[in-house]
Structures are given as structure tokens and as C-alpha cells.
Amino acid sequence: MTRPISVLIVDDHPVVRRGLRVLLEVQDGIEVAGETGDGATALALDAEHAPDVILLDLKLPGMDGLAVLGELKARGSTARVLVLTSATEPASASLAVRAGAAGVLYKDVDPDALVRAIRSVHDGHLLLAPEVAGTLVRSTGTWGAAGLDALTSREREVLAEIAKGRSNREIARALGVSEKTVKAHVSSVLAKLGVQDRTQAALLAVRHERGA
């Protein structure tokens, strides 16, 4: 039997947290690992429960969402972070993606779409609200190459496998790592390159190789 996707809810509004909990607790294959209204506690709960997905608001008291993303990355957290924000400035959401978020949605998202998004980021996909995707795509030309330079050696290996059209399972087998580790690397590669999916990442890699 497949283990349910565990989700940690991080939002400073109790009503929002309650609504998200009620929504998720009735979904098949999803369980709520915990909830909190501040960044420091979010980090503690991530360390304690190792959730698969973290629903993260950017506007938090004390340590904001971007700081939480940075700390999660520094600690080597394997959680996939789906930013759920009310921010109206796409640039903030774009910064979240560059900081390692696996997805960014706005709080007015349809509940069913949110559930699909949780499953999607858990499966290794990058999922962005249209406004955020547009901002990133427009900026890819100016920082795509820099994104390639920012990749670690392992992320470069993963990108090379993506360019071959291989799945996460195939990449895990080729590199001798777990599929969950590959998902985390793929998310980081997509975020650093500023692309929305594996196809765009592969195209960017091939274009760079041909230009080299």
C-alpha cells in the first residue's frame, strides 16, 4: 500500500490553517503532518516529522517564507515546498522559486487545483501560478546561463539525464540514488534555470551545449 503524502501547513492565519487542514484531511492519500503560524516552528516540525510537502506562506512573523526556504535548503530538507501566498507582486513569488520552492500558487486557487498541485510537486514537478511563470519565463534569457553555472555537479548529472528524456526512476537507477533524492535535484535544477518543466530544462541544456 502506498504511503500517504504527508503535508505540513505553515500560515500565520489560524482560519487559513484550519481551512487547509479540513480540505486535506478528507483527501485520499494525503495526511496532515502538522501546522504552525511561524517560520521557526515550521523548521522544527520539518525536522521532527520530515513531511513530503510543506504548504508555506511567504508572509510570516519573524522569519518570513523566503528565510524558511533558505534554511530548509541549508539543512538538506527533503520536503517539497509549495508556496501558497496572497502576495500580489509576482517578483516575490519568483524569488521563492529561485530559493528552492517546488511551486507557487495564490490563495485564491481552487481547492481541487490545490490538491492536484500538492500531488504534482510531490511527484517531482515544478508548478507555478500563471503570473509567476510569466515572470520567470521573461527573465530566463537574462539569468538562464547563470542558472546553469549555479548547478552543483550532481545537479548537472541530473540535467544531463533529463536531456536524455529519462524519468526520475531511470535517473535514480543510473546515478545510484533514491527516487526521492532525484525529485529534489530536479526541483532545484528547474528553479535555478528558471524553467517550468523538464522539457524546457532539457532544451536549455542542449542549447547551451551547442553554443559551447
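The largest pocket holds about 490 Å³ of space. This is a predicted model, in which local features need pLDDT of at least 70 and side-chain atom pairs count only at pLDDT 80 or more, while totals for chains, interfaces and linings use all residues. Residues are numbered from 1 along each chain as its sequence is written, and side-chain values use heavy atoms, with hydrogens and water left out.

On a 1 Å grid over the protein atoms alone, a pocket is an open set of points with protein on both sides within 12 Å along at least five of seven lines, a cavity is a set where a 1.4 Å probe fits but cannot get out, and lining residues have an atom within 4 Å of a point. Points are joined across faces, edges and corners, and a volume is the space filled by probe spheres set on them.

Around the largest pocket you will find 23 lining residues, with Lys73, Ser77, Gly100, Ala184 and Ser188 nearest its centre. H3, strand S4 (80-85), helix H4 (90-98) and helix H9 (179-193) each give two or more residues to this lining, and H9 gives the most, with 7 residues. Helices (H or I, at least four residues) and strands (E, at least two) are DSSP runs, numbered from the N terminus. By class, the pocket lining has 9 nonpolar, 9 polar and 5 charged residues; Ala, Val, Leu, Ile, Met, Phe, Trp, Tyr, Cys and Pro count as nonpolar, Asp, Glu, Lys and Arg as charged, and the others, Gly among them, as polar.

Axes are lines fitted to C-alpha atoms, for helices over the stretch in contact, and angles run from 0 to 180 degrees between N-to-C directions.

H3, another contributor to the pocket lining, pairs with H2: the axes of H2 (residues 39-49) and H3 (residues 65-75) come within 10 Å and cross at roughly 25°. The two are therefore roughly parallel to each other.

Technical notes:
Angles under 35 degrees count as roughly parallel, over 145 as roughly antiparallel, 65 to 115 as roughly perpendicular and the rest as oblique.
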